[in-house]
Amino acid sequence: MVGAFDFVPAIVLLPFFSFLVALFLGKYMPKGGALAGITATAGSLLLSIWTVLTVAGFTGTATTYQQTLYTWAGGMEGTPLPYELTFGLLIDPLSSMMLLIVTLVAFLVHVFSLGYMNDEGETGLPRYYAGLGLFSASMLGFVVADNLLMAFMFFELVGLCSYLLIGFWFREEAPPSAAKKAFLVTRFGDYFFLIGVVAVFATFGTAAFAGDGSFPALAEAALAGEGGGDVNTLFGLDPQAWFTVVGLLVLGGVVGKSAQFPLHTWLPDAMEGPTPVSALIHAATMVAAGVYLVARMYGFYALTPTTLAIIAFVGGFTALFAATMGVVKREIKQVLAYSTISQYGYMMLALGSGGYIAATFHLMTHAFFKALLFLGAGSVIIAMHHNENMWDMGGLKDRMPTTYYTFLAGSLALAGIFPFSGFWSKDEVLYEALVHGLGGSPLLLAAWAMGLLAVFFTGFYTFRMVFLTFHGKPRTDTARNPHGVRWNVKGPLAVLAVLAVVAGFINMVPVAKLTGLEIEFLHDWLAHGPSGLTSEHYSELTHDYANYSVGTLVGGELGTALISGAVSLGLALAGAGLAYSLYNVPEPVEHTDRLGSAKDVLFNNYYQDEYQVWLANDVARGISRGADKFDQGVVDGVVNGISSVSLLSGSRVRRIQTGVVSNYAALLTLGLVALLVILGLQGGWFV
Amino acid sequence: MIIEALIAFTFAAALVTFVLPDRLAGRGAFALSLVPVLGSLYMWSQFDASGNALLGGQTAFETVIPWLEVAGYEISWYVGVDGISLPLVVLTTVLTSLAIVSAWTPIQHRQSQFFGLMLFMEANLLGVFTALDFFLWFIFWEAVLVPMYFLIGVWGGPRRKYAAIKFFVYTNAASLIMFIGFMALVLGLGDSTSSFALPDVAQALRGGDLGSFYGLDANTLRVVAFAAMFFGFAVKVPVVPVHTWLPDAHVEAPTPVSVMLAGVLLKMGTYALLRFNFTMLPEVAVEYAPFIAAIAVLSVIYGAMLALAQQDLKRIVAYSSVSSMGYVILGLVAYTAYGVGGATFQMVAHGLISGLMFMAVGVIYNTTHTRMVGDMSGMADRMPVTTGILIAGAFGYMGLPLMAGFAAEFFIFTGAFQSSVIAGNGLALFTAAAMFGIVIVAGYLLFAMQRTLFGPFRLDTDYEVGPAPLHDTLPLAVLLVCIIALGVAPEIFFSMITDAVDPVIGGVLQ
Amino acid sequence: MVPPQYYLLLAAAIFCIGLFGILTRRNALLFLMSVELMLNAANINLVAFSVYWGNVTGQTLSLFTMALAAAEVAIGIGIILTLYRNFGDVDVTDAASMRW
Amino acid sequence: MTTKPQLNDDSNFLPGLAALGLFVVMAVVFLQAEFGAPEGFPADVSIVASIGYAMFDISADQLQQQIVSAEGFLAAFLIMAIALDVAIDAAVYLAKREEAGEVVTALVEDVRSDDPTSGGEPSSGRGPAARADGGYDSSDASSGGDR
């Protein structure tokens, strides 16, 4: 019987065809290929919904699907190769959920682009829609990947699309530079990722995510002392240490792609791209790829406490670090960029502290509300004639109510205000970090503390942005007479706003704990699936191998949950309140001067860019110039030296050729004498 | 007989082209060069070899005709292909045809000689990749230098004579050393072989028949011969620190010649390394693996660093070839199926990708008459198709998945990482170090692209810039399609390569 | 009979005298004379060994040598003439244009 | 103070030492060498006649007379004859000179004094001997005379 799973390849291929169509035929089509992209992503969305329903068990019998589709290399009969490199599909609750998110956001972004790109009369639209199509295809390919190599390959393709789309306005100076930076920084992370992939193959002989022969399963068996013979650790390390190394190597790619400290610097620059691209790539999906990867191979990470601790700590630190930078930014998209970094920090924090479900939950809610916020920002930018400076806005609330209310919904979700979706997910992240930290991990507590502190800053910068943009009095003429937006902008905003409000309800943990109702739908969703890929299995692993245990504050689990939720909500409201008092006035002023010298540090993003640019420009280029001098001077100098030695000796030796007959005769005579003497000595003539 | 027919036809085509009028030479040479392409594709379709031609495998299209006898050694016309050489034969014919098309625009004088020499070179290259007798092979090997010398020296840039002489003398001197090394081996084999046929020599050497020669015992002789041959081929590859002829040659050579130089001629070096050093003397390769791996890593990283410092687009691609060829050495020394197979695959992949890059740079040069990064910006505005393909090629060079370069590099990395050729997984560390090349390559290509292709349009030379003609961009597109095809389905070549590579690695590492 | 050593010594002496002339003199005519001496040294050896082997081949050859010497003188004089005409002198070191 | 009379010679005697050295080496070698007794010629044969027969390849069995054996030299004789002929031609060629645009050769007085540029056409007044010396043409003469 033909089921949804048979059409999963089509989810990936449809956007790919739209890429081809837009690239080659786009200029002959109305709307520059947009319709092809919209059709394709709509098709993918429908198929994804079908897939999700199937995974949920509504339509068929099989609820998960794992199938190798194509042998990329090494599949020959009798091949000497130790393992095959394959492409395959892995559809389980996690990937099907991600499929739904990606296709939905991609579809909405395509629609929104009609308003943002087509209506604004941009040129090069076929290129734009081709990029979007290729991006969607790559991201979906990454999501359905059933092994690490395939994941890596699509991960890289996603990076390519990001490069192409950030640099879409290539005729200006800044976008190509930002595109280059984005690709380079993520490439630096991918370098470690690639070593990790290669190391996984070297260690396990497979890179499959799921199944008995998958590498998380093999690793678990090795650590449990069974079947360690199949696992080949390198450098004489014991399995635990080596798995930690491998995990950290793969994590390099995650840190790069998910813009975690210290490889986060590309993301704010990436805002040079068109805003729908920012929404799709740099908020909802591509940046999620890193986090998704950790979730995908969580069975492996859960085995190594060191890796988990590092993930958690990096996540917590990034959450706080990025949030503090977000508070002083002037451009609306910059604020959103730093908030994106910060929010992915939360997801990493959750993953590192054993909160697989929390991370997935936040991934989902964040995708909706951040896409919403970016598209809302896009709407504002259209209205403001592509002026992104919030200090030139103000008072847009009355002139663009749809945008305002949707944006507000997203902001409330982002700030984590009850009962918007962000509240539920962020609360669960912090709860997981707290309980596992209390269970005996000071490092997790520290990460939790940073995450908690970041909640305050999140509330502050979010509402600073809202107030500066929409409240008060218009500060410029464009803000007084904004450009209108059409249905194709408002529609996606409305859809996402609804989701941003309600998405949290699928997993209201505190409510469930309080009332005892079975409403933790996401928990149930992720708890089923292929064995070894379920959240229950993961919590066993973190408990058994990473020694994560649950500690509580007063009142047991319920009390802890409530306290945690109340504290974070309180901090978020405090931040929002501070923003309200400072910026919700008719003529807001910059308060950054009060920060003193911290202001410069924050404006300069803690000089992160400076040192990375210094590394890339001064150090690397300096070394390369030195190497070039060395090469031209010494290496090539030796080569040219040899040639000049032979030329010189030639010019010396030829002086024998004097042209004077007597000299030749003398040489002849001397030669004859020497020859006679040698022959005589050898032949014994002189004896 | 198809190989003979192919080579003979190509020689004849070269002669015909020599006497064609200049006006027709380009078109004529292209038409003639299509025959070898079809021939090689036919060979591919009829390919039935298995195993390694040198190590007792079944060789396809084999011909043995006794030719001479010198000092008790038989010299034959002995040709055939196996899974290692066939991809290179196909690469040669395809790339020559495309290079000929790409020469239509830039070559504006002495066309008939130019295209004749290109075809002459193709014939000799086919000989190099198909010959299985050392003397025959050596004749072709040396004969390749002659057309290359003239192609650089006559149609090159301002310093063409320096570059041509440097190229010729450097590689020729290296060939001499290699020749001495190989002859010492053959003579050291004594009565074990009575011919210079590579299979005989290889099997005798792997059989442990090496005796002493001229006061050197078998082990010393092995090492000395390995070193001599390694040096000889390393110059051709080229490997740091004997690479300095390459940038000069590339910069001075006209674009189509650069395409051939980077695309095929460099592969002669790696092909010969695989056929001679790594097939015949695996013990030495394993013993000195740390040293060879260090050279490979040095080539990768140092070559890439040099590319980062360059301002001339062609120099950038030239140095990055040094870098990419380092990967091949790394793969070869791994002695795993993925490593050696990947190295062979990289020969083809790099041939296509570097050919594409040089061609694309050449197309830009044809219109702008400058290759300096600082002299132009915003070319994407005026030459969208060329730029698009150049970007695609550059990403192929950076190892973008689903393009040939990634497949090759991944095979090499995964093969080298798990190789036990150095005790204690030492090669894994070398591999990890070499892999950093993928970051640097992205660095210099992205920097160069950002500065030349993007930003506002500006050009420091006074030329009218418009889209390139179709016959300039079509070869680029064909190459790009090939690269993507190989990247999506590397098995096209990789299965036959691994089949042929298996005997080489067999028994070397436990 | 006289042992061949003496002839050889005599021939060597004459040859070396001729050679000495060639090496030390710059006058082309003296060159020519020195060459004659050297040819005659060869002739002495030919004749001496002719006697030594009891075979007239050597003597016949010495006749040919003499004839050749005559030819050589004819050419030599011609060359000297040309030399004189071109350089105004018969100094052999003047004609040094065939150098590096 | 009177100076010692000096040999007014432009010679450099240093290279002469090489000749002296050669003599010493040869002398040492010759004196060290062992030769048997020379065979000599029979007393009753004519050596000059033998040489004569040898020159024309006439072997002993064609003759009544006893001669000393030798190899045949007929070919060498003929070659030598040609060589001598060439030598005399060459001598004549080398001796020719150019005076005020006129070619003066050793054999023929110039007969075309008023037309030195008459090119490759041999003028009627010149004999075959002039042609044999290769110098009937003024352009040839100038190129020949330089070297």
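**From chain D to the rest**

Author: In chain D, 26% of the contacts with a separation of 6 or more join residues 24 or more positions apart; two residues are in contact if their C-beta atoms, placed from the backbone, lie within 7 Å. This is a predicted model, in which local features need pLDDT of at least 70 and side-chain atom pairs count only at pLDDT 80 or more, while totals for chains, interfaces and linings use all residues. Residues are numbered from 1 along each chain as its sequence is written, and chains are lettered from A and ligands numbered from 1 in the order in which they are written.

Chain D has five helices and two strands, and along the sequence they follow the pattern α-α-α-β-β-α-α. Helices (H or I, at least four residues) and strands (E, at least two) are DSSP runs numbered from the N terminus. Of the 147 residues of chain D, 19% count as buried. Buried means that 20 or more other C-beta atoms lie within 10 Å of the residue's own, exposed means 12 or fewer, and partly exposed is in between, with C-beta atoms placed from the backbone.

Now turn to chain A. Chain A holds 28 helices and two strands, and its C-alpha trace spans about 125 × 70 × 55 Å along its principal axes. It is divided into domain 1 (1–146), domain 2 (361–588), domain 3 (593–619) and domain 4 (632–686), with bounds from an automatic or database domain assignment. The C-alpha centres of domain 1 and domain 4 of chain A lie 76 Å apart.

Helix 14 (residues 332–352) has 21 residues and reaches 30 Å from its first C-alpha to its last, close to the 30 Å expected at 1.5 Å a residue. That expected span is 1.5 Å times one less than the number of residues. Helix 14 of chain A is mostly covered, with 21 of its 21 residues buried, and just after it A:Gly354 takes a positive phi of about 85°. Helix 2 (residues 34–55) of chain A has 22 residues and reaches 31 Å, close to the expected 32 Å; A:Gly57, with a positive phi near 90°, follows this helix.

What lies inside? The largest nonpolar core has 476 residues; such a core is a set of buried Ala, Val, Leu, Ile, Met, Phe, Trp, Tyr and Cys residues joined through C-beta atoms within 7 Å. Among those with the most contacts inside it are A:Val105, A:Ala371, B:Val201 and B:Leu330. Helix 15 (residues 356–383) of chain A gives the largest share of this core, 20 residues. Domain 1 and domain 2 of chain A each supply at least three. Beyond its neighbours within four places in sequence, B:Val201 is in contact with residues including B:Phe134, B:Leu185 and B:Met280.

Apart from this core lies another, of 22 residues, among them C:Ala11, C:Cys16, C:Phe20 and C:Ala41. C:Ala41 sits in helix 2 (residues 28–53) of chain C and counts as buried because 21 other C-beta atoms lie within 10 Å. Not counting residues up to four places away in sequence, C:Ala41 touches C:Ala11, C:Ile14, C:Phe15 and C:Gly18. C:Ala41 and C:Ala12 are 29 residues apart in sequence, yet 6.8 Å apart in space, C-alpha to C-alpha.

Finally, how do the chains meet? Chain B brings 44 residues into contact with 44 residues of chain A. On the side of chain B that touches chain A, helix 20 of chain B gives the largest share, seven residues. By class, that side has 30 nonpolar, eleven polar and three charged residues. Here Ala, Val, Leu, Ile, Met, Phe, Trp, Tyr, Cys and Pro count as nonpolar, Asp, Glu, Lys and Arg as charged, and the others, Gly among them, as polar. No contact joins chain B and chain C, whose closest C-alpha atoms lie 22 Å apart. Chain B and chain D do not touch either, with their nearest C-alpha atoms 34 Å apart.
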